[in-house]
Amino acid sequence: MTVQDSGKVALITGASRGIGYGIAEAFVARGDRVVITGRGEDALKEAVEKLGADRAVGIAGKAHDEAHQAAAVARAMEAFGRVDYLVNNAGTNPVFGPMAELDLDVARKVYETNVISALGFAQQTWKAWQRENGGAIVNIASVAGVSASPFIGAYGMSKAAMVNLTLQLAHEFAPVVRVNAIAPAVVKTKFAEALYEGREAEAAAAYPLGRLGVPQDIGGAAAFLTSAQSDWVTGQTLVVDGGIFLNAGVA
């Protein structure tokens, strides 16, 4: 089936695999072109080939590197002439343990990669295209950012900051750019596999909908938040959690 070209372009960070790739896949399926970022050249090349070399461009680099942020936006403008949508998905979670023992340098690294990079990309897309032409931004937060998150507290803290960054940008960029966030629960990706590997059935049993998330679940939510159907939605965090929060407080 031939997909009609939407004429829209999205920049999606951390999209060579996992949630980011699922979002890129959803956008390409509806006719968008995408620029995807990631740290590895080989993984990006493979992702571009799967998405379609006529629909996707990859650019490698570290999300927190300001030069990479500028280069990614410049590449989108060079390749496609516009950046309608920004999806801030790149993130890291290099530590597991109690907050009382958290190495502060590690905390700084998590915050730099997960939050400051998102602000940097938003500034770049705003200046290059969105300020004059409009668009939408979707920040990938986490349920860890809207609840206690034992042993991944640094990650949760950074994702709570992403939720607030969403509010700040939504207020400042209105009315031309809508800014929303998605807060997923556990999604089956390499990034999250430590949370379910070897015990997926047990982990899934805690979810009222009976399964863990998959990248396509988040892709669908991101597609909605960058569509005309959500034109009156901004500053919101959409929790996509398979119903896990319904169990809060249940004995």
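Reader: Which residues are linked in a network of salt bridges?

Author: This is a predicted model. In it, salt bridges link Asp5, Arg33 and Arg55 in a network.

Reader: How many salt bridges does a search of the whole structure find?

Author: The search finds eight salt bridges.

Reader: What makes the meeting of the side chains of Glu78 and Arg75 a salt bridge?

Author: The N to O distance for Glu78 and Arg75 is 3.8 Å. A salt bridge requires a side-chain nitrogen of Lys or Arg within 4 Å of a carboxyl oxygen of Asp or Glu, so the label applies.

Reader: Where do Glu78 and Arg75 lie, and how are they separated?

Author: Both are in helix H3 (residues 66-80), where Glu78 and Arg75 are three residues apart, or about one helical turn. An α-helix has 3.6 residues a turn, so residues three or four places apart point the same way.

Reader: Why is Glu78 called exposed, and why is Arg75 called partly exposed?

Author: Glu78 has a relative accessible area of 64%. Exposed means over 50%, so Glu78 is exposed. Arg75 has 28% relative accessibility.

Reader: What makes Arg108 and Asp105 exposed?

Author: Arg108 has 53% relative accessibility, and Asp105 has a relative accessible area of 54%. Exposed means over 50%, so the word applies to Arg108 and to Asp105.

Reader: Why is Ser117 called buried?

Author: Ser117 has a relative accessible area of 4%. Buried means under 20%, so Ser117 is buried. Ser117 has its place in helix H4. Leaving out residues up to four places away in sequence, Ser117 touches Ala63, His64, Gln69, Asn88 and Glu112.

Reader: What makes the pair Asp217 and Arg211 a salt bridge?

Author: Their side chains meet at 2.9 Å, N to O. Asp217 is partly exposed at 26% relative accessibility, and Arg211 is partly exposed with a relative accessible area of 43%.

Reader: How does the reach of helix H1 compare with what is expected?

Author: H1 (residues 18-29) has twelve residues and reaches 17 Å from its first C-alpha to its last, close to the expected 16 Å. Among the buried residues of H1 are Ile19, Tyr21, Phe27 and Val28. Gly31, which follows H1, has a positive phi near 110°.

Reader: What is noted about the phi of Phe151, and why is Phe151 called partly exposed?

Author: Phi of Phe151 is near 75°, a positive value in a residue other than glycine. The relative accessible area of Phe151 is 45%. That falls between 20% and 50%, so Phe151 is partly exposed. Phe151 sits in the loop between strand E5 (135-140) and H5.

Reader: What kind of peptide bond joins Ala174 and Pro175?

Author: A cis peptide bond joins them, with omega about 5°. Pro175 is in the loop between helix H5 (153-173) and strand E6 (177-184).

Definitions and conventions
Residues numbered from 1 in each chain as written. Predicted model: local features only at pLDDT ≥ 70, side-chain atom pairs only at ≥ 80, totals over all residues. Heavy atoms only, no water. Helix = DSSP H or I, 4+ residues; strand = E, 2+ residues; numbered from the N terminus. Expected span 1.5 Å × (residues − 1). Buried < 20%, exposed > 50% of the residue type's maximum accessible area, 1.4 Å probe, protein only. Contact = heavy atoms within 4.5 Å.
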